[in-house]
Amino acid sequence: MSKVLVIGAGGVGSVAVHKMAMNPEIFSHISLASRTKSKCDAIAESVKPRTNVDIDTYGLDADDVAATTALLNSIKPALVVNLALPYQDLNIMEACLAAGVHYMDTANYEPLDVAKFEYHWQWAYQDRFKEAGLTALLGSGFDPGVTSVFTTYLKKHHFDRIDTLDILDCNGGDHGQAFATNFNPEINIREVTAVARHWENGDWVETPPMSVKQSFDFEAVGPKNMYLMYHEEIESLKTHLPEIKRIRFWMTFGDAYITHLNVLQAVGMTRIDPVMYEGKEIIPLQFLKAVLPEPASLGPTTKGKTNIGCIATGLGKDGKEKTLYIYNICDHEDAYAETGNQAVSYTTGVPAMIGAAMLVTGKWTGAGVWNMEQFDPDPFMDMLNAHGLPWQVKELDGPLQF
Ligand code: NDP
């Protein structure tokens, strides 16, 4: 039984709050704060008839450390679940330290002016969280999040040693729009247009954005083109599981998405440096976000499934070389029926609820800053099965041929 404060009333925040309210034996009281209070109120109004749970709502600029600290001191939650944007991570961690509250998020800190997905800013808080006796859990979404837990689950139960790991993120959903992103467009486009990096034999290997393409046949979706990308869990996995010689991350994109993105890039609409417009500085990518559909609005029209998982090759516990594929399939329409949000928000919001449950029930404890793969995967994996993201493991004939 624990009090939590969720910050961020987007699609992910909405799913996490709905799922927390469905588990009142774990979350005794839920507060929701975000920049626009009316968005918090709309979520509270959707939660009430579904669960009969009341959510307290607050307007908050989480970049204002003093205001966040004051809110924490008045609510006195056991845990802050940060589901705002990566830019807010450090400010919310500061407020948690000031108010003596545990911290959790789903995406690593990024500075506004440069698209860099790196953990060092948040890992630098290690000593301060340890000294304060507080826990900070980083990256409890699907990727990062479940993909790291999948990896440690395979290592714990199936492998003596993992040699290669490929993370495959497929969204086979169709939202019926010419161009839209399934989570925050600014973060999504910054991620997709960044230089691709993967980990191989103790070093980073860089390739131009979206330049390495493979086709893969995803169960329940079919064959899709997927592209090599950098993703933040590569950095934490290579740090905490240094035996893995190669770690790659792949994400699927349709041809129409790539064509739109290429045009937007070519005309400068994805720039994140300021541009003067009618005497005022604007950031083109932020303007683009303002004209694109809100990810939360895609829920009613999105059909199809997501399939996200990990393929690991290594030395099995039976002494034989093997390749295992562990994955979850999630249906957009089912996710919408249950929480009013499509599957990309659902596959992030459910693990956010589960990560919060791990902390408030004491299944995962310890002072300091932690990544997902540092904890016992089993209680988290059990909750995935029980709360809407069932997973399966299958053995492949051999390692990936690419
Ligand atoms: P949205 O843009 O839909 O929602 C973000 C919310 O945060 C909005 O309600 C926004 O308010 C609020 N917010 C922004 N700035 C502030 C601020 N300064 N103070 C208070 N609130 C603020 O994003 P999503 O819900 O799609 O994503 C949420 C997070 O989840 C992101 O960090 C994203 O990177 C992460 N994510 C992680 C994934 C994973 O698998 N690990 C996958 C997908 C997303 P307003 O509405 O007023 O703008």
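Helices here are DSSP runs of H or I with at least four residues, strands are runs of E with at least two, and both are numbered from the N terminus. You're looking at a predicted model, where local features need pLDDT of at least 70, side-chain atom pairs count only at pLDDT 80 or more, and totals for chains, interfaces and linings use all residues. Residues are numbered from 1 along each chain as its sequence is written.

Now colour the open sheet of seven strands, in the order 3-2-1-4-5-6-17 with parallel pairing (a pair needs at least two DSSP bridges between the strands). Strand 3 (56-59) and strand 17 (368-371) are at the edges with a single partner strand each, so one side of each has no neighbour in the sheet. Zoom in on strand 2 (residues 27-34), which runs parallel to strand 3 and is joined to it by four bridges. There, Ser 34 sits opposite Gly 59 in strand 3.

Next, pick helix 13 (residues 343-360). Its 18 residues reach 25 Å from first C-alpha to last, close to the 26 Å expected (1.5 Å times one less than the number of residues). Of these 18 residues, 18 are buried (20 or more other C-beta atoms within 10 Å of a residue's own, all placed from the backbone), so the helix is largely enclosed by the rest of the structure. Finish just after helix 13, at Gly 362, with its positive phi of about 80°.

Technical notes:
A residue is buried if 20 or more other C-beta atoms lie within 10 Å of its own, exposed if 12 or fewer, and partly exposed in between; C-beta atoms are placed from the backbone.
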